[in-house]
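Me: I would like to learn how to read a few features of a structure. Please take them one at a time.

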Amino acid sequence: MGESRPNSAAAAGVFGMARRRCLIFGMLLCAAIATLRPFLLARILLSGTMTFANIPSTVEYLAATASTADRTDRTDAPSNKNEDPWDDEEIIPSVEAERCRRYGYTYSPNRTVRRRIFWGSTVADDSWLLLHTVAAESRNIYHTAAFVESNTTHLGMPRQLRFEVGSDEWRRLTRDPTLFGPSTKVTVDYYVDDISAKVERHFMHRQYLHRQLVLERWRMNGMRRDDIGILSDTDETFTRDFLRAAQICDGIPQFHPDTNQDCKMPKVVVAGLVFESSAECVVDDFYLWHPEMILGECVDLIGDRNLHRPPKRTVLDKEEGKRWTRSYRDRGHGGPPDMKFDQYFGPNGPGLNTTDGGPMYPLWNAGDFRQVHGGDMIKAWVNDDEKGKRERLHTGYHFHNFFDDAEIMRRKYDTYGEHLPRAMTDPLAVLHDDLSLAVSCVRGYQNPGFRKRKMDGFDGIRGPRPLLFELDGALRREKHENFTKDVLQDERRHGKGLAVCRSRSCNKKRMSEFTLKYAKERGYVSELIVREDWKNWTSTTRTTMMPVGNQQQA
């Protein structure tokens with residue numbers, strides 16, 4: 001066995017990779033320290049909050065910042081400005097009871113105060129359209145919206161901080177009341193990386209280190225054990241209706257109010273409807289399982305570590321001749337692949353059984369939050385009047401690859417967690433399953449790759465729709481037109497592609513003979529990728545049907 005240690009009270013001890021930690025209120029000071037001591041891990045906790053009155057809604061804000069031509073063309077924006085979908089703080093028993101029933105929960109009129117929700121995410125090159133879209137679902141709901149930015153990508157490549165304290169971008173994110181609302185504390189914290197590129201690690205390890213800083217911010221902002229935590233990516237959110245349900249409903253197994261949680265299965269998991277690069281490009285018959293909610297009682301740094309004792313977390317471990325570093329729990333301590341606790345509750349394990357005989361499981365740190373299974377995916381029950389039956393539909397959204405242009409999108413696949421070796425040169429559609437769907441959406445055909453799209457787009461969505469795009473259809477169409485132009489321009493530079501099977505769920509059967517033949521006949525590039533070694537995220541088999549090259553045809 002390799003050298004191992006459990007997590008400690010500080011986040012640096014949790015992960016074992018930080019040599020030191022600094023909490024510094026000033027970017028210049030931290031930059032100086034980082035320069036003088038290149039191996040120092042500087043974790044800077046800075047916040048920006050402000051209170052505003054008479055705040056316009058998101059739709060009104062977008063309309064006010066658009067051109068005159070744009071404003072007059074938006075006929076499907078709300079005609080009655082007094083009907084504000086964000087004015088829903090008042091607890092109306094009949095409304096709450098119906099809302100809770102949609103998710104299989106109950107409502108008690110005795111509950112007169114909503115649960116508080118603390119949200120957090122990393123942030124980098126995310127577009128303002130994406131930030132407005134996600135924030136529209138939670139405006140004036142979150143107690144805290146905690147962002148973390150790093151001076152490196154997930155692969156350790158240097159990047160310039162975008163949201164430095166005092167910058168225009170920072171002010172817009174933390175002080176713009178049309179984002180998360182005047183009652184939400186919006187903060188940006190900074191993780192200055194010192195992990196050597198020579199250290200072998202799980203490919204998501206650095207991302208989990210960044211996320212752990214969110215939990216520290218939650219604690220600093222006063223998160224309690226009866227509060228809810230949501231650890232997310234910036235492109236993920238629960239629907240507004242479900243967020244309100246989580247705040248008020250009873251009968252939620254993960255939110256027992258009067259008994260100690262054992263924290264074994266504390267997650268409330270979203271059923272996330274996926275949009276790929278545009279609100280008009282909707283993935284069909286697939287729900288994403290991020291983000292998740294966990295009650296503060298089971299969140300690391302918030303819950304009781306004496307009751308939920310720290311599990312073993314590997315710092316150095318020999319596996320297939322390599323040394324791996326990862327953030328989440330070890331096998332036998334609730335970690336992948338089997339999520340068992342035989343070693344945690346074994347003779348030499350730290351696990352505690354309470355006096356009534358009930359086992360108490362570990363708290364959930366940032367790596368566990370995203371990597372470890374442990375909860376229920378919640379869907380909404382809705383009536384289908386046409387078919388005379390009820391359906392279970394999504395409770396959230398994933399706005400994937402909502403970037404301002406294709407070059408930023410390519411940089412993501414080149415430098416972040418899903419690193420692809422030819423991300424800056426190959427046609428978009430052969431880089432990844434998701435991008436082949438996006439290109440097929442622009443071109444108007446069904447994606448022949450692994451994931452399929454809803455052919456009727458946004459209008460074909462059953463159940464709730466993202467507030468921003470539902471209220472402002474002209475904005476939705478405008479952004480899709482911009483994305484279409486961007487794809488066509490990218491194809492002129494990098495060539496055209498049709499589809500790709502490139503993911504951990506990929507196999508040869510999913511890329512049909514029809515797809516390969518279709519590509520060859522039409523002069524597209526189409527690839528079959530087999531990932532035999534997904535831990536290293538490398539492809540071992542590559543079949544290129546047509547040479548990769550610039551093609552001038554649009």
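**A loop residue and a sheet**

Reply: Start with Asn365, which sits in the loop between β16 (359-360) and α10 (366-371). Helices (H or I, at least four residues) and strands (E, at least two) are DSSP runs, numbered from the N terminus. This is a predicted model, where local features need pLDDT of at least 70, side-chain atom pairs count only at pLDDT 80 or more, and totals for chains, interfaces and linings use all residues. Residues are numbered from 1 along each chain as its sequence is written, and side-chain values use heavy atoms, with hydrogens and water left out.

Me: Is Asn365 buried or exposed?

Reply: Buried means under 20% relative accessible area, exposed over 50%, partly exposed in between (1.4 Å probe, protein chains only). Asn365 has a relative accessible area of 0%, so Asn365 is buried.

Me: What is the order of the open sheet of 4 strands?

Reply: Two strands pair if DSSP finds at least two bridges between them. Here the order is β7-β20-β9-β10, with mixed pairing. The edge strands, β7 (236-238) and β10 (282-288), each pair on one side only.

Me: How many bridges join β9 and β20?

Reply: Strand β9 (residues 272-276) and strand β20 (residues 396-400) pair over 5 bridges, in the parallel sense. Phe275 stands opposite Phe399 in β20.
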